[in-house]
Amino acid sequence: MKRSLISFSALLALLLAGCGSDSTSVDAGSGGTVDTTMVEPLGGGGYPIATLDITISHPEADDVSYTISCLGDTATVIGEVAIIDQNACSALSDPAVKTRLVDIPPTDQACTEQYGGPDVAHIVGTFDGEPVDTTIDRVNGCGIGDWDSLLASVLPPALGITDAG
């Protein structure tokens, strides 16, 4: 019986090692070490770990709110918005997107002086364990580029410029 248990344990260890993992040992004091192996999700994953609550506002429309949740191997969008969950989570895998959402945009960034409308997106949540609290607006070329290109799969199309007449 003891030999079967050892063989089963060895087989299980080999199977887990073949799943792709990051393994480290942490000193647990006088009790020895603790293995902190992190096994990748079955199904491969590829998405970051992120939960983002997004509110889009425009003066001539009701606010639109939705949540994007990416959990490594799953993608979900909750709310009434024309966003495809897999596309949103794939876009969040782009390091440039993470940088824009997590870091404050540089204040010395050169932007074209064009106006893309009063649409504003407020995004809060967490992205790979880091807090997100940022605003994307369309008051210049940088904001328009962020909305229409960098975050095109994360934000719905902007309503654009309103007619003041």
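**Note on the pocket, sheet and disulfides**

1. The largest pocket has a volume of about 200 Å³. Its centre is approached most closely by Arg 100, Pro 105, Gln 109, Asn 140 and Cys 142, out of 14 lining residues. Two elements give two or more residues each to this lining: strand E9 (130-137) and helix H4 (141-150). By class, the lining has six nonpolar, five polar and three charged residues.

2. Basis of the values. This is a predicted model, where local features need pLDDT of at least 70 and side-chain atom pairs count only at pLDDT 80 or more, while totals for chains, interfaces and linings use all residues. Residues are numbered from 1 along each chain as its sequence is written, and side-chain values use heavy atoms, without hydrogens and water.

3. Pocket terms. On a 1 Å grid over the protein atoms alone, a pocket is an open set of points where a 1.4 Å probe fits, with protein on both sides within 12 Å along at least five of seven lines; lining residues have an atom within 4 Å of a point. The volume is the space filled by probe spheres set on the points, which are joined across faces, edges and corners.

4. The sheet is open and has five strands, in the order E7-E6-E5-E8-E9, with antiparallel pairing. Strand E7 (75-78) and E9 are the edge strands; each has a single partner, so one side of each lacks a neighbour in the sheet. Neighbouring strands are turned by 15° against each other on average, direction ignored. Strands are DSSP runs (E, at least two residues), as are helices (H or I, at least four); pairing requires at least two DSSP bridges.

5. Two helices pack on the sheet. Helix H2 (residues 85-92) touches strand E5 (49-58), E6, E7 and strand E8 (120-127), and its direction makes about 70° with that of E6. H4 touches E5, E8 and E9, at about 115° to the direction of E9. Contact means heavy atoms within 4.5 Å. Axes are lines fitted to C-alpha atoms, for helices over the stretch in contact, with angles from 0 to 180 degrees between N-to-C directions.

6. Strand E6 (residues 61-71) pairs with E7 over four antiparallel bridges. Ile 68 stands opposite Val 77, and Thr 67 has Ile 78 as its bridge partner. The hairpin has three residues between the strands, and Gly 72 takes a positive phi near 80°.

7. The whole structure holds two disulfides (cysteine sulfur atoms within 2.5 Å). Cys 70 lies in strand E6 and Cys 89 in helix H2, so the pair ties together parts 19 residues apart in sequence. The S-S torsion of Cys 70 and Cys 89 is about -90°, so this disulfide is left-handed.

How values were computed
Nonpolar A, V, L, I, M, F, W, Y, C, P; charged D, E, K, R; others polar.
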